[in-house]
Amino acid sequence: MGTAAIDVRGLWKIFGPKADRIIGSPDADLEPAQLRAKTGCTAAVRDVSFEVRPGEVFVVMGLSGSGKSTLVRCLTRLIEPTAGELRIDGQDVRAMSAKQLRELRRHRVSMVFQHFGLLPHRKVVDNVGYGLEIQGVGKAERHEKARSILSLVGLEGHEDSYPEQLSGGMQQRVGLARALAVDPEVLLFDEPFSALDPLIRRDMQAEVIRLHREVGKTMVFITHDLSEALKLGERIAIMRAGAIVQVGTPEELVGAPADDYVADFVRDVPRAQVLSLRWISRAPEPDEPLDGPELPADTVIHDAVPAAMASDRPIRVVADGELVGVVSRVDLLGAVRPEPGPVVVAAPIEQSAEKPAEEPAEEPVDEPAGESGGSEESGGDEPVASGEAGEEEQPGEDAQEEQPARNEGDTSATAEARTRGGAWVASTGAPGEA
Ligand SMILES: Nc1ncnc2c1ncn2[C@@H]1O[C@H](COP(=O)(O)OP(=O)(O)OP(=O)(O)O)[C@@H](O)[C@H]1O
């Protein structure tokens, strides 16, 4: 388990009666809807294992109802896992006492939520300093720290405003500042930007990338938006029906999807923007000239095009001064094909010419798997009655514990995310919808 910032092994969260009896029984392998029908239980997180490295941005991505929020809340036991191992910086979180857990949440792991959870009657500076106040830090020091963090997130001058005086994007910056103020080792983000307008959302994504560069914290970021995942994640875990289907870099997910589900997710990703020369390079043929243009191995295909156009020699791909392989124009073009599969041979010209212009749109279209996956999962994903959250630890006195594990706010968020999850597939041009 070593030096991982977060180490999760065989983690389960099953909601419902006698949940622990399901693990290890044949019922554990049932599809979510079948399990619910048979036992009344929901397996929200199913045998999940992953490691997050110190300083890494690790994204958990999945459609609505796939178990992301439950998983991230399990990490600090805001939701109590049913089974599995959980370590943060080598410490066994499942063995922690209530006091140790409070310490963990107050000092070492901060959360940023979609609904900012700001205290309306407190000024921005006091919201940001709230975690420090809970820690017992004096007012002058709190304010000083809060001011410096507010300037880090671009909110200088707003210290004395109240949350309602700020836009949604600014409120989310306050949420970010509040999470950063306690100087945690780990930041957990649960769909923090889902409620923001697209442009503000883009700004906030850039902000997270910048902050990560500046403060270097370990970050776990939950999203249902693949483009957000690809933008932020050094590695991405794809969740489906409570389980992790694949963990990989954006390049690994796009270049070598583990199964059809992941392949469908990444189908519309522009491969030329994600795949690097290292990924597509190969050993030179014996008679191949090696005096072509030289490019670093991490150059993405898109950026290699000018060099490929300028020379008919294969590109020499280098890393640390060593040749790692070559890439020809044919290799470049082959790599941007959406997916390996049968080559579609165009119809003879005279036939095509007779076809009406709309014809191509009427060709059989693969069902967008994102949608079918979504309806399957969200279909069985009944809204959670707020009363059910009673099972979980309830808001406590610190900033993180103030966030309900599940409340009526989350229920509407779930509905909203569901719509957005569906809209994503359409907006990113699923076949036949372009
Ligand atoms: N307190 C609860 N009691 C019973 N079932 C729950 C509870 N919380 C979540 N679930 C169920 O667990 C599954 C996973 O939910 P979860 O909210 O973790 O998914 P998600 O991927 O975060 O989705 P969303 O993006 O919509 O929040 C869903 O089927 C959900 O209905």
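Biologist: What share of the 434 residues in the chain is buried?
Modeller: This is a predicted model, in which local features need pLDDT of at least 70 and side-chain atom pairs count only at pLDDT 80 or more, while totals for chains, interfaces and linings use all residues. Residues are numbered from 1 along each chain as its sequence is written. A residue is buried if 20 or more other C-beta atoms, placed from the backbone, lie within 10 Å of its own, exposed if 12 or fewer do, and partly exposed in between. Of the 434 residues in the chain, the buried ones make up 40%.

Biologist: How many helices and strands are in the chain?
Modeller: Helices (H or I, at least four residues) and strands (E, at least two) are DSSP runs, numbered from the N terminus. On that basis the chain has 19 helices and 13 strands.

Biologist: Among contacts between residues at least 6 apart in sequence, what percentage joins residues at least 24 apart?
Modeller: Two residues are in contact if their C-beta atoms, placed from the backbone, lie within 7 Å. With contacts taken between residues at least 6 apart in sequence, the part that joins residues at least 24 apart is 69%.

Biologist: In what order do the 4 strands of the open antiparallel sheet stand?
Modeller: Two strands pair if DSSP finds at least two bridges between them. β2 (42–52) and β5 (91–92) are the edge strands, each pairing on one side only. β1 (residues 6–15) pairs with β4 (residues 83–88) over 5 bridges, and with β2 over 7 bridges. The order is therefore β2-β1-β4-β5.

Biologist: Which residue of β4 stands opposite W12?
Modeller: β1 and β4 pair in the antiparallel sense. I6 has I88 of β4 as its bridge partner. Opposite W12, the residue in β4 is A83.

Biologist: How many of the 10 residues of β1 are buried?
Modeller: β1 has β2 as an antiparallel partner, and L11 stands opposite V48 of that strand. β1 is mostly covered, and of its 10 residues the number buried is 8.

Biologist: What angle does helix α3 make with β2?
Modeller: Axes are lines fitted to C-alpha atoms, for helices over the stretch in contact, and angles run from 0 to 180 degrees between N-to-C directions. Helix α3 (residues 68–75) packs on the sheet and touches β1, β2 and β4. Its direction and that of β2 make an angle of about 60°.

Biologist: Which residue of β7 is the bridge partner of S110?
Modeller: β6 (residues 109–113) has 5 of its 5 residues buried. V109, M111 and F113 point one way from this strand, and S110 and V112 the other way. β6 runs parallel to β7 (residues 186–190), with 5 bridges between them. For S110 the partner in β7 is L187.

Biologist: Which helix gives the most to the side of domain 1 that touches domain 2?
Modeller: Domain bounds come from an automatic or database domain assignment, which divides the chain into domain 1 (6–267 + 376–425) and domain 2 (271–336). Contacts link 5 residues of domain 1 with 5 residues of domain 2. With 4 residues (250–255 being its span), the helix that gives the most on the domain 1 side is α11.

Biologist: Over what arc do the buried residues I301, A304 and A308 of α15 lie?
Modeller: In helix α15 (residues 301–310), I301, A304 and A308 are buried. What covers them includes α13 (271–274), α14 (277–280), β11 (294–296), β12 (315–319) and α16 (329–336). The face turned away carries the exposed residues P306, M309 and A310.

Biologist: Which residue of β13 stands opposite V317?
Modeller: An open sheet with mixed pairing has the order β11-β12-β13. β11 and β13 (322–327) stand at its edges with a single partner strand each, so one side of each has no neighbour in the sheet. β12 and β13 run antiparallel and are joined by 5 bridges. In β13, the residue opposite V317 is G325.

Biologist: Is G292 buried or exposed?
Modeller: G292 is in the loop between α14 and β11. Leaving aside neighbours within four places in sequence, G292 is in contact with S311, R313, P314, I315 and R316. Because G292 has 21 C-beta neighbours inside 10 Å, it counts as buried.
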